[in-house]
Amino acid sequence: MQNATRFYQNYLRICVQNKSMLKNATGMCSIFSKYSQLNRNKHGMLGTMPLTTSTGENLEKSIEMDLKSGKESRIFERLDKADDLSLLRLPKRTWGSVFYILNQNEDFGTLDKIRAKIKDLNINCGEGALTTLIKSYVRRNQHINAVNVLDQMKNAGLLRHTRTYFPIITNLAENGHQNKAFELFDEMHHYTFKSKKSITMSIPPNMTVALIKSCFQSEISEYNKATEVLLWYNHSGQLLTLQILNAIKEWLDNDPVNSWTMKDCHISKEGLCNNCGKYLDSGHLTSNEREELKLDILNTIEGIFNSEGKAGKRESFCKFVTFLKQCSPCDVIIDGMSIGLSSNVQKQKKRFNFNTLLKVSDHFIQQERKVLVLLNTSIPPSFLSNNVQYFVSDAGDDDLYIMYASAMWNMAPFLVTRDKFREHRFLLAFHNHASYMKWIRSHTIRVSVKRDALTFHRQKYDPVVQTGNSSWHFSLVDGSWFCARKVAI
């Protein structure tokens, strides 16, 4: 019986590592149960490995009931008594829920016991559960354990969301581990992440503050590393909070070489600062940046549609490419779906306003601009504008068509939209992310509609954190600007 028990345990471990064998594992469990019953009948006792009658589904439901009824104390007892196969069958969302509630209740002892059991069985409990585990270690100020979990996620090839990094980086920076904090900060931005919210596009203010302050709060700190954080804000276009600005002021006040003065300033429409008398950078790409970005966009989007499983989508894209080659380059590309869709506040439903789209396209025609309108719905003939090119794409593909058309025309057209187009950078090579964001900011014309009146907005300078030889300019979320200048000693 001991040999059979050992065989069954080893077989389960193999199944844990190869989930495609789960069905076979179920059969093996049944065989082992029958063998155990025969052994019981023959010797009057069961073998050394006890079996439970609970299934993974029953265990999952029981845990869900415990969570809903506030009986978290029973969860570990259930998990401890469950057989290995039932634990293996638990979905990642259940592990995530268990880890979350234990961390919220600061029941770290139970959390560590469950983690040890999962680790012993080599169960993949998912990115969400492990991120919660990292947060629990941070709450206990155990940054080494937190980093170890992150390393395990890397080695296992698990997707790491930016939120996985946030608490570790903040904790490391606040506790004097500047080098490791900046190492992970750099690593975080070399991966692509997806989220339903804008968490992938921003970093928490408290993490930024911790990183900046770590650059002057210790004698062994590297002062100039703060510029890496500010460079990220320059590339991403994210605006600063007052909390971050105060940390930057402290950083400048602790400059070991130079003296600085900071005050609020006004930036003219042309980008002139009234404090230092300097113009802000326009944000236009260099010829090399433009060429690299153009090729990356063309190759990436062609690759997406060439590998598309639906033949209709591939055919539609081929028609679009032919269409672009036949028409002359346009000065303006209008994101038709973004401009035409408006919201009915009462019913919270989207409706397409063809009249708004017509007014926007006519606005640029009157300026003698060549206009292309891209959208994924047909337009009634009465709303078609003269001298405007139209192309109707498949649903959901219009953004990719807009990017492709811009690249075909050497990234020169202006993009008229209400969207920010930020997440699309994650389709491209990492080294082109900053160029893409700079191009979006410098080539986007925003449209606002109020009582059927159209207002067009276009920045003539790049509204981001900027630096020169002797000055910094900081843009805040409330629209204000601050200028920092070196002061002669």
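Tutor: Asn141 is partly exposed, with a relative accessible area of 42% (buried is under 20%, exposed over 50%, partly exposed in between, using a 1.4 Å probe and protein chains only). Although Asn141 is not a glycine, its phi is positive, at about 60°. The residue sits in the loop between α8 (127–139) and α9 (143–156); helices are DSSP runs of H or I with at least four residues, strands are runs of E with at least two, and both are numbered from the N terminus.

The model is predicted, so local features need a pLDDT of at least 70 and side-chain atom pairs count only at 80 or more, while totals for chains, interfaces and linings use all residues. Residues are numbered from 1 along each chain as its sequence is written, and side-chain values use heavy atoms, with hydrogens and water left out.

Asn410 lies in the loop between α19 and β7 (414–417), just after α19. Asn410 is partly exposed, with a relative accessible area of 34%. Among the buried residues of α19 are Asp398, Asp399, Tyr401 and Tyr404.

Buried residues make up 47% of its 489 residues. Of the contacts (heavy atoms within 4.5 Å) with a separation of 6 or more, 66% join residues 24 or more positions apart.

On a 1 Å grid over the protein atoms alone, a cavity is a set of points where a 1.4 Å probe fits but cannot get out; a pocket is an open set with protein on both sides within 12 Å along at least five of seven lines; lining residues have an atom within 4 Å of a point. The search of the whole structure finds one cavity of 30 Å³ or more, and the largest cavity has a volume of about 50 Å³. Its lining includes Phe76, Trp95 and Lys117. Helix α7 gives the most to this lining, with four residues. Eight of the lining residues are nonpolar, none is polar and one is charged (Ala, Val, Leu, Ile, Met, Phe, Trp, Tyr, Cys and Pro count as nonpolar, Asp, Glu, Lys and Arg as charged, and the others, Gly among them, as polar).

The largest pocket has a volume of about 820 Å³, a volume being the space filled by probe spheres set on the grid points, which are joined across faces, edges and corners. Of the 30 residues that line this pocket, the closest to its centre are Gly237, Leu239, Arg441, Gln459 and Pro463. The pocket lining divides into 12 nonpolar, 12 polar and six charged residues.

Last, confidence. The average pLDDT (the predictor's confidence in each residue, from 0 to 100) is 84, and 84% of the residues score at least 70. Helix α14 (residues 242–253) has the highest mean, 97, and α2 (residues 22–43) the lowest, 45. Over residues 344–348 the pLDDT is below 50, and this stretch has one contact in the model beyond near neighbours in sequence.
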